[in-house]
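Come along and look things up with me.

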Amino acid sequence: MKPMPGAGLALPIAEAMKQLAAAEAEAISTLKKVQAKCDHQIVSEMPWRAGNYFGSRAAHRICNHCRLIEEGSHWSGGSVWSRHDYGEADLGNTPGRIVLPIDSDEFWKMRTEGGMGLLGGAA
Ligand SMILES: [Zn+2]
């Protein structure tokens, strides 16, 4: 079947979406460069949560400066961390680091803009 003329996406919208994708790629590249150089001196930590909670209940932490996110193992918290798979912590275990406890609402708001895929982490 031959497509009807004008049945496709309007050109200005297609062009705008192309620009958005390029801007997002640039933002991700910048994010990864900053995260690779950051010493993660101040992190916010959402501690392990008991109970029937949506999603993972493991402790999570996020660097206040570069927004790199890490999910901890069951035993992670405070200054002793290992990754969820018990690998070496992405944010390290830096002596003298400032750890700010936060709740889950605050934690998820700190992520780099949700919906754009800018979630940080090692992915
Ligand atoms: Zn950082």
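My entries below go from the whole chain to single residues.

**Ground rules.** I am working with a predicted model, where local features need pLDDT of at least 70, side-chain atom pairs count only at pLDDT 80 or more, and totals for chains, interfaces and linings use all residues. I count residues from 1 along each chain as its sequence is written.

**Confidence.** I began with pLDDT, the predictor's confidence in each residue, from 0 to 100. The protein chain averages 83, and 85% of the residues score at least 70. Among the elements, strand 1 has the highest mean pLDDT (94) and helix 2, residues 104-110, the lowest (88). I marked residues 119-123, where the pLDDT is below 50; beyond near neighbours in sequence, this stretch has 13 contacts in the model. I call two residues in contact if their C-beta atoms, placed from the backbone, lie within 7 Å.

**Elements.** Which pattern does the chain follow along the sequence? I read α-β-β-β-β-α, with two helices and four strands in the protein chain. These helices (H or I, at least four residues) and strands (E, at least two) are DSSP runs, numbered from the N terminus.

**Strand 1 and its partners.** I count two strands as paired if DSSP finds at least two bridges between them. Strand 1 (residues 42-46) pairs with strand 4 in the parallel sense over four bridges, and there I found Val43 opposite Val99. With strand 2, strand 1 pairs in the antiparallel sense, also over four bridges. In strand 2, Ile62 is the bridge partner of Ser44, and His60 is the bridge partner of Met46. A note to keep beside this: in a regular strand, side chains alternate between the two faces of the sheet.

**Burial and contacts.** A residue is buried if 20 or more other C-beta atoms lie within 10 Å of its own, exposed if 12 or fewer, and partly exposed in between, with C-beta atoms placed from the backbone. Buried residues make up 17% of the 123 residues in the protein chain. Of the contacts with a separation of 6 or more, 48% join residues 24 or more positions apart.

**Glu70.** Is Glu70 buried or exposed? I find Glu70 in strand 3, and Glu70 counts as buried because 25 C-beta neighbours lie inside 10 Å. The C-alpha atoms of Glu70 and Ser82 are separated by 9.3 Å, although the two residues are twelve apart along the chain.

**Two positive phi values.** Arg67 has phi near 65°, positive in a residue other than glycine. I place Arg67 in the loop between strand 2 (60-63) and strand 3 (69-71), and Arg67 counts as buried because 20 C-beta neighbours lie inside 10 Å. Tyr86, also not glycine, has a positive phi near 70°. Tyr86 is in the loop between strand 3 and strand 4 (98-101); Tyr86 is exposed, with 11 other C-beta atoms within 10 Å.
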